[in-house]
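Thanks for coming. I will talk through one model this morning, and you can follow along on the screen.

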Amino acid sequence: MAPISKRFSSGFGRRGLLRDRLAEARSRYKGDDDKVAWILSGGGVLGSVQVGMIRALHEADIRPDIITGCSVGGINGAAYAADPTSAGVDRLVRLWSNLADGNPELMPKSLLPLMAQMAMKKESIHDPQLLEDLLREELPARTFSELLVPFACVATDAHQASAHWFETGPLIPALMASAALPAVYPPVAVDGKLLYDGGVVNELPLDWAVANGARTLYILQVGHLDPRPLQPEKPFDSLMHAYWTARVQRVEEDLAEISDGCEIIRLPAGGSPRVRFDDYSQGRELMSAAYEATRTFLQTGQAEDPSVGPTSSF
């Protein structure tokens, strides 16, 4: 099978094209067993929410045949795909607990106000080296072929304004590209392409899973899901809210387009705290809330509105 980045290169997720491509994929996989996929969205520091969801899914013996991820969801998804065991889940819990304690401090605090940092003549606010070092230390795999569960992550091709999928080759450069949140981390150059965070064009990477036979989709969505009205304190608040709103709208449209023939299970996040984009300190609380909410949901089918979740802001 050709790499999906080639089969569905430019424009794959655009309105109309998504419906047509998935119709073709369904016809190719007609008769296959129903595959279970975990779909992990982006969300930065709110990746701890996904770890709570993953723990609940694993304990309920809901195993994925396919995992896709965007940004921090790519990192969490790759970690589980590399070690889909209780020990692998424990590793994720430990990693996010350590981040909550500032070990390591992936986004060191600055004496300069945020807007002053944004105005400086450099590619990004933070150096990505600390994140890359953490991935090399924690991930028990270096290539996609070493993963025990089929996995793909998505980045954004800055020049083509399209999704760029990774499913083969070195793992860490792919994850770094998928998590290169504009302004926070610099873009990543891979194979002559300049790549940003996948959430810019594909916040919830459903495409690859459905195209590869997934019909039961567990949605591990975090990020800006807060239904409360915005009360901006400064202009940048309004800018970020508009950015998150565009991402959420894209998610809802994509979910609506693939709903025919797929079972979509959206897991609850367990609450809606507001968290700064660089504040990992609430990681334990977020993990615990998501775990309890997801565990209850899987046992009873009952949960608060799954669209209610954490909010990450500048």
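First, the ground rules. This is a predicted model, where local features need pLDDT of at least 70, side-chain atom pairs count only at pLDDT 80 or more, and totals for chains, interfaces and linings use all residues. Residues are numbered from 1 along each chain as its sequence is written, and side-chain values use heavy atoms, with hydrogens and water left out.

The protein chain has 11 helices and 10 strands. Those are DSSP runs numbered from the N terminus, H or I of at least four residues for helices and E of at least two for strands. Of its 314 residues, 54% count as buried. Buried is under 20% relative accessible area, exposed is over 50%, and partly exposed is in between, with a 1.4 Å probe and protein chains only. Contact here is heavy atoms within 4.5 Å. Among contacts in the chain with a separation of 6 or more, 78% are accounted for by residues 24 or more positions apart.

Now helix α3, residues 47-59. How does the distance between its end C-alpha atoms agree with its 13 residues? At 1.5 Å a residue the helix should span 18 Å, and the end C-alpha atoms are 19 Å apart, which agrees. The expected span is 1.5 Å times one less than the number of residues.

Helix α3 is mostly covered, with 11 of its 13 residues buried. The buried residues include Gly47, Val51, Met53 and His58. What do the buried residues of α3 pack against? Their partners are β1 (35-40), α4, α5, β7 (214-220) and α11 (283-300).

Take serine 48, which is in α3. Its relative accessible area is 0%, so serine 48 is buried. Leaving out residues up to four places away in sequence, serine 48 touches Trp96, Gly283, Leu286 and Met287.

Leucine 298 is partly exposed, at a relative accessible area of 25%. With the same exclusion of residues up to four places away in sequence, leucine 298 touches Ala56, Leu57, Ala60, Ile62, Tyr218 and Leu267. Leucine 298 and proline 268 are 30 residues apart in sequence, and their C-alpha atoms are 9.9 Å apart in space.

Next, the pair α4 and α5. Helix α4 is residues 72-82 and helix α5 is residues 86-100; they pack at about 140°, with axes 9 Å apart. Axes are lines fitted to C-alpha atoms, for helices over the stretch in contact, and angles run from 0 to 180 degrees between N-to-C directions. From α4, Val72, Asn76, Ala79 and Tyr80 meet Val89, Leu92 and Trp96 of α5. Those contact residues divide into six nonpolar, one polar and no charged. Nonpolar is Ala, Val, Leu, Ile, Met, Phe, Trp, Tyr, Cys and Pro; charged is Asp, Glu, Lys and Arg; the others, Gly among them, are polar.

On to charges. Side chains of opposite charge can pair when their charged atoms come close. How many salt bridges does a search of the whole structure find? It finds eight, a salt bridge being a side-chain nitrogen of Lys or Arg within 4 Å of a carboxyl oxygen of Asp or Glu.

I will show three of them. Arginine 94 and glutamate 138 meet at 3.0 Å, N to O. Arginine 94 is in α5 and glutamate 138 in α7 (residues 129-138), so the pair ties together parts 44 residues apart in sequence. Arginine 94 is partly exposed at 38% relative accessibility, whereas glutamate 138 is buried at 11%.

Arginine 295 and glutamate 292 meet at 2.7 Å, N to O. Both lie in α11, three residues apart, about one turn of the helix.

Arginine 63 is partly exposed at 34%.

Aspartate 61 has a positive phi of about 60° although it is not a glycine. Aspartate 61 is in the loop between α3 and β2 (66-70), and is exposed at 56%. Serine 71 also has a positive phi of about 60° and is not a glycine. Serine 71 lies in the loop between β2 and α4, and is buried at 6%.

Last, the peptide bond from asparagine 103 to proline 104 is cis, with omega near -5°. Proline 104 is in the loop between α5 and α6 (114-119).
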